[in-house]
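Hello,

Here is the structure I promised to pass on. My notes on the sheet follow below it.

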Amino acid sequence: MAGARHRASAALSVIGLLGGSFNPAHGGHRRISLFARDALGLDEVWWLVSPGNPLKPRAGMAPLAGRLASACTHSRRAPIRATGIERELGTRYTIDTLRALQRRYPRHRFIWLMGSDNLAQFHQWKAWRDVARLMPIAVIARPGYDGRAAASPAAAWLGRYRRSAASVKHRAGWSAPALIQLRFDPDPRSATALRHADPDWAARYRGLARRDPVTHHPVDPDIA
């Protein structure tokens, strides 16, 4: 029986979750995901391509199918899987998505990944303390946001739960809340700059995402 429990525990996968609009996805997303995977000892990173971010305007937002296709393209040949699963789950807020993922994938452990720009406004998210209690949070530094992030109400609350990246690699005894801060060389790429340079970028990805890499369900090319 003890051997069976050990095998069951060993089968657990550790997944980093990076949510965003990916409007469009780009090499910067890939770079920070691979950095976080190495730093935290993750098996994979899942990109949660949001149907709609409540804190972002809808103007200029490409259809979900195009954003998912761009994410699938930029995650090729890497331990990264892009998914539009939030659409299937019918969730709009992070707290509801994370609870649904934990129910659907009980054999996975999850870590929430976000940039310091998101930490700066984390206290505006629905039930943000409950998000922190669900799983560890790893914050990746972004140039220009560190000061605001450090001064935010969420950082003050999470400050008592700081942990090192090395501690997360020891999977026994995981607990949340936990705040892990990661630093690496900044990446200058941004979705905003890419949209300005190529306003019709989504047209190149039309129809390219045929199956969701996580759910394996067909992707409707017309989903908005």
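Which residue stands opposite Trp47 in strand 3? The residue opposite Trp47 there is Ala82.

First, the source. This is a predicted model, in which local features need pLDDT of at least 70 and side-chain atom pairs count only at pLDDT 80 or more, while totals for chains, interfaces and linings use all residues. Residues are numbered from 1 along each chain as its sequence is written, and side-chain values use heavy atoms, with hydrogens and water left out.

The sheet

The open sheet has 6 strands in the order 3-2-1-4-5-6, with parallel pairing. Strands (E, at least two residues) and helices (H or I, at least four) are DSSP runs numbered from the N terminus, and two strands pair if DSSP finds at least two bridges between them. Strand 3 (80-83) and strand 6 (179-182) are at the edges with a single partner strand each, so one side of each has no neighbour in the sheet. From one strand to the next, the twist averages 25 degrees.

Strand 2 and its partners

Strand 2 covers residues 44-49 and is joined to strand 3 by 4 bridges, the two running parallel. Leu48 has Thr83 of strand 3 as its bridge partner. Strand 2 also pairs with strand 1 in the parallel sense, over 6 bridges; here Gly20 has Val49 in strand 2 as its bridge partner. Buried means under 20% relative accessible area, exposed over 50%, and partly exposed in between (1.4 Å probe, protein chains only).

Helices around strand 2

Helix 2 (residues 27-40) forms a right-handed β-α-β unit with strand 1 and strand 2. Right-handed means that, with the strands pointing away from the viewer, the path from the first strand over the helix to the second runs clockwise. Helix 5 (residues 94-104) lies across strand 1 (13-20), strand 2 and strand 4 (108-115), at about 155 degrees to strand 4. Such angles run from 0 to 180 degrees between N-to-C directions, with axes fitted to C-alpha atoms, for helices over the stretch in contact.

Ser50 sits in the loop between strand 2 and helix 3. Ser50 counts as buried because its relative accessibility is 10%. Leaving out residues up to four places away in sequence, Ser50 touches Gly20, Leu64, Arg67 and Glu86, contact being heavy atoms within 4.5 Å.

Regards
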